[in-house]
Amino acid sequence: MLSIKELHTSYGGLKALDNVTIKIEPGQFVAIVGPNGAGKTTLFKSISGTVSAERGDIQWQGQSIMAMSPAQRPELGIAHVPEGRQMFRELTVLENLEMGAQTAEAKSNWTRNLDQVLGLFPVLGERRNQLAGTLSGGEQQMVAIGRGLMSAPKLLMLDEPSMGLAPKITDMIFERIEEIHKETDIAILLVEQRVAEALASCDYGYVLQSGRIALEGTPEALMKDETVRSVYLGL
Ligand code: ATP
């Protein structure tokens with residue numbers, strides 16, 4: 001469904017992504033793990049089109065999307081839930097969810113998608129008229145994921161959903177992500193520094209290090225890898 005081939009991205013001559021090749025199939029849950037500054041957010045921005053790749057290709061259902069503007073890409077069914085959540089703080093929960101439902105497909109499935117989001121995160125129903133800026137960090141992350149789901153995506157890209165959250169809230173968010181994976185046919189691309197949690201729930205994983213894919217494999221294989229165990233899992 002999404003195939004990234006030999007992607008190179010730089011900022012003012014400094015390499016952020018170096019020959020990155022990854023793919024994700026419909027309904028698959030792929031995790032990309034790696035330390036600070038590895039290039040995880042840059043990879044997502046390259047897919048969304050807000051950062052231009054220098055070389056390589058990004059294909060969606062077999063067609064290159066490199067020439068497509070960032071505004072057109074959500075029409076394909078690509079939803080980007082950004083790092084730091086980026087709420088519209090002065091808008092209510094419901095208005096934030098509406099901001100996710102901009103495509104014709106999303107508008108025509110508004111009720112179904114809203115039921116799905118409120119089923120996953122019932123607290124958002126209780127707080128539908130509360131200003132997003134006054135929500136807790138965990139609730140804001142639920143709104144951010146909900147806003148992505150309201151766009152009726154085929155691919156949901158989640159950039160460090162655990163960022164700044166307490167371990168208990170992080171566990172809950174990961175449980176909900178697993179639920180989305182099990183109960184819908186939406187493909188999930190997750191980037192995370194929380195390596196153990198990300199590998200516990202995905203179908204396939206990549207380790208991104210200094211802009212390069214250092215390792216890839218099933219979570220079982222990655223969990224057995226000595227480098228992953230010592231560097232990322234502290235075992
Ligand atoms: P983190 O986990 O800390 O969010 P990351 O893996 O998402 O990190 P990126 O944010 O993609 O990493 O950054 C990759 C590299 O590109 C870093 O060295 C970073 O300093 C650099 N970089 C990112 N954005 C810019 C920018 N707008 N201008 C210049 N350099 C940038």
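## Ser48 and its contact with His80

In this predicted model, the side chains of Ser48 and His80 are joined by a polar contact of 2.7 Å. Ser48 belongs to helix H1. Its relative accessible area is 12%, under the 20% limit, and Ser48 therefore counts as buried.

Beyond the residues within four places of it in sequence, Ser48 touches Pro70, Arg73, His80 and Met157.

## Ser46 in helix H1

Helix H1 also holds Ser46. With a relative accessible area of 3%, Ser46 is buried. Its side chain forms a polar contact of 3.5 Å with the side chain of Thr9.

When neighbours within four places in sequence are set aside, the contacts of Ser46 are Leu7, Thr9, Leu17, Val51, Ile58 and Arg73.

## The ligand and its shell

The ligand is surrounded by 13 residues, of which Asn36, Lys40, Thr41, Thr42 and Glu160 are the closest. Helix H1, which spans residues 40–48, contributes the most to this shell, with 3 residues. By residue class, the shell comprises 4 nonpolar, 6 polar and 3 charged residues.

An N or O atom in the side chain of Thr42 lies 2.5 Å from a ligand oxygen, and one in the side chain of Glu160 lies 2.8 Å from a ligand oxygen. For Ala38, a backbone N or O atom is 3.0 Å from an oxygen atom of the ligand. The ligand taken alone exposes 630 Å², and the protein buries 58% of that area.

## The aromatic pair

The structure contains 1 aromatic pair. Tyr204 and Tyr206 form this pair, with a centre-to-centre distance of 5.3 Å and an angle of 70 degrees between the ring planes. Because an angle over 60 degrees counts as edge-to-face, the pair is assigned to that class.

The two tyrosines are described separately in terms of accessibility. Tyr204 has a relative accessibility of 22% and so counts as partly exposed, whereas Tyr206 is buried, with a relative accessible area of 4%. The limit that applies here is 20%, under which a residue is classed as buried.

Definitions and conventions: Residues are numbered from 1 along each chain as its sequence is written. This is a predicted model: local features need pLDDT of at least 70, side-chain atom pairs count only at pLDDT 80 or more; totals for chains, interfaces and linings use all residues. Side-chain values use heavy atoms; hydrogens and water are left out. Rings of Phe, Tyr and Trp (its six-membered ring) pair if their centres lie within 6.5 Å; planes under 30 degrees apart count as stacked, over 60 as edge-to-face and the rest as tilted. Buried means under 20% relative accessible area, exposed over 50%, partly exposed in between (1.4 Å probe, protein chains only). A residue is near a molecule or strand if one of its heavy atoms lies within 4 Å of it. A polar contact is a pair of N or O atoms within 3.5 Å; within protein, one must be able to donate a hydrogen and the other to accept it, and residues adjacent in sequence count only if both atoms are side-chain atoms. Accessible areas come from the Shrake-Rupley method with a 1.4 Å probe; for residues, only the protein chains shown count as cover. Helices (H or I, at least four residues) and strands (E, at least two) are DSSP runs, numbered from the N terminus. Ala, Val, Leu, Ile, Met, Phe, Trp, Tyr, Cys and Pro count as nonpolar, Asp, Glu, Lys and Arg as charged, and the others, Gly among them, as polar. Contact means heavy atoms within 4.5 Å.
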